[in-house]
Amino acid sequence: MTTLDRRAALVLLAGAAMAPGQALAAAFSFDQVKARARALSKRAYVPPPPPPPQVAAMDYDAAQGVGFYRKKIPLWGGDWGVELFPLSRGVSKAVAINLVENGVARPLRYDRSMFSSRADSPFRKLPAKAGFAGFRAMSRDDRGEWLVFHGASYFRSPAPFGQYGLSARAIAADTYAVQPEEFPDWREVWLEKDVQGRLVIHALMESPGIVGAYRFVNDREGLGLTQTVEAAVFFRRAFDQMGFAPLTSMFWFGEDRGGAGPDWRPEVHDSDGLAMWTGAGERIWRPLSNPSRVVTSTFSDENPRGFGLIQRDRDFDHYHDDQANAERRPSVWVEPIGTWGKGTVRLVEIPTNNETNDNIVAFWTPDAPVVAGGAVELSYRLSWTGDVPAPPGDDLARVVATRTGQPGEPGKDLDARGRKVAIEFRGANLQALREAIDIEADVTANNGEIRLLSHYPAARREDESGGLWRVVFDVVPNGAEPADVRAVLRQKGRPLSETWTALVFPAPAGN
């Protein structure tokens, strides 16, 4: 995915020009940010001047060498404070920062004395009015940062395990659609501490075709973080595919790599599955993959209850990486507030040959098309968590591994076609059913045939908690297109597990 250069604009309200950082009316409110976004969307996009040339020398190492003086923190909450980032080669466009205190917004002026750096650092050559690249929220204690807004419309958190992984962003515009993807940027933000001591972020986002107003209320409980998001997005032009509440992650390879892998580590990924809870109540798990070509999967729904990119595998022995700490990477769950109507959860999987590229994107796309002059308003919660939140009374077993291999029976079907799939479900409800004889594996395939289906309680160690059940079958796709496969454990028609679903591609010639 190639990020487009961000172009800012003159900020206009009620027909009058206002530069970023210029204070809004005395009594600040999110309604004013929405009004500014609406007015700005009716104007032609005006790109700003390019970043200062000195920013080119601020490479990754130079940026990492710049600190922020604690005594200069401009906004403190009960147990948190806000630090700022300088411009760098990686994030070279300035965002205007405002502080809201006692209902009044005031611009925060850039000051080089806020930052510490080496005497020979290229930071010291940045212009006196270079501006800020973003901000992060820090804990008062030694737990470090817990939220970052830095670059384009991205934001992310290390909650709840203190380790960064996947990212969220405000919007995904034409991600691998017919026309090129468009990447809006945060143009201006307003930071405040509300009466409950929470960090509240109001943000104005813009690109040539999009203007958006966002409000984030950040609730911290223990090490977890829940963000309540309000969004009002206005469109200057039509888009083929608009993604709301998008999540971006990385999947290089997992337990299903088979044979000699591309790296010494057993698995490398920030997330290993897309989880969904449909409006009809079905719980779905889709294992992530690193395909040979771009694959977009769509899951139609009406008023979804939630979806997210999940890092479910928390076993260090499955990664053996004591630097990346993949077993501590967060999951993010999107919970719609109100009714979102008809649409699709979309998963885009992009080929990658290393771990430095984010190659996974998931988002919600409404059925209603995005047209020039249109607008969308919606609200949702983002939970930075360990796994899918379990609703009250939910005892469904969850998918914990997906493996594939050569089809057929060992030593017999040497010319068998298709792929063999082995799915592992784990759940306390399965523990009591190890001797049951009425458990069924409901496995179906569109554009394919299921063969050699079997299911059984898997071998267990005495130290394992919860039951483990394995479902094994062959899939033979019909032709060159993949088979769309679904599998769920049932007892007398009642689901005992999530619904596993995946695309199974025909084996390459010669395999």
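Predicted model: local features only at pLDDT ≥ 70, side-chain atom pairs only at ≥ 80, totals over all residues.
Local features were considered at pLDDT of at least 70 and side-chain atom pairs at pLDDT 80 or more, whereas totals for chains, interfaces and linings use all residues. Residues are numbered from 1 along each chain as its sequence is written, and side-chain values use heavy atoms, with hydrogens and water left out.

A pair of aromatic rings is described by the distance of the centres and the angle of the planes. Rings of Phe, Tyr and Trp (its six-membered ring) were taken to pair if their centres lie within 6.5 Å, with planes under 30 degrees apart counted as stacked, over 60 as edge-to-face and the rest as tilted. By this rule the model holds 18 aromatic pairs. One of them is formed by Phe68 and Phe115, which are arranged edge-to-face, with 5.4 Å from centre to centre and 85 degrees between the planes. Because Phe68 belongs to strand 3 (residues 67-68) and Phe115 to strand 7 (residues 115-116), this pair ties together parts that are 47 residues apart in sequence; strands are DSSP runs (E, at least two residues), numbered from the N terminus. Both Phe68 and Phe115 are buried, a term that denotes under 20% relative accessible area, while exposed denotes over 50% and partly exposed the range in between (1.4 Å probe, protein chains only).

The rings of Phe135 and Phe149 are stacked, because their centres are 5.1 Å apart and their planes stand at 10 degrees. Phe135 lies in strand 8 (residues 132-139) and Phe149 in strand 9 (residues 145-150), so that parts 14 residues apart in sequence are tied together by the pair. Phe135 is buried at a relative accessible area of 1%, and Phe149 is likewise buried, at 2%. Phe135 and Phe149 also belong to one aromatic cluster, together with Phe155, Trp186, Tyr214 and Phe216.

A charge was taken to sit over a ring if NZ of Lys or CZ of Arg is within 6 Å of the ring centre and within 35 degrees of the ring normal. The charged end of Arg156 is placed over the ring of Tyr164, 4.3 Å from its centre, and Arg237 lies over the face of Phe239, at 3.8 Å from the ring centre.

Most residues other than glycine have a negative phi, and most peptide bonds are trans. Ala159 and Pro160, however, are joined by a cis peptide bond with omega of about 0 degrees, and Pro160 is located in the loop between strand 10 (154-156) and strand 11 (167-169). Asn303, although not a glycine, has a positive phi of about 50 degrees.

Methods: Helix = DSSP H or I, 4+ residues; strand = E, 2+ residues; numbered from the N terminus.
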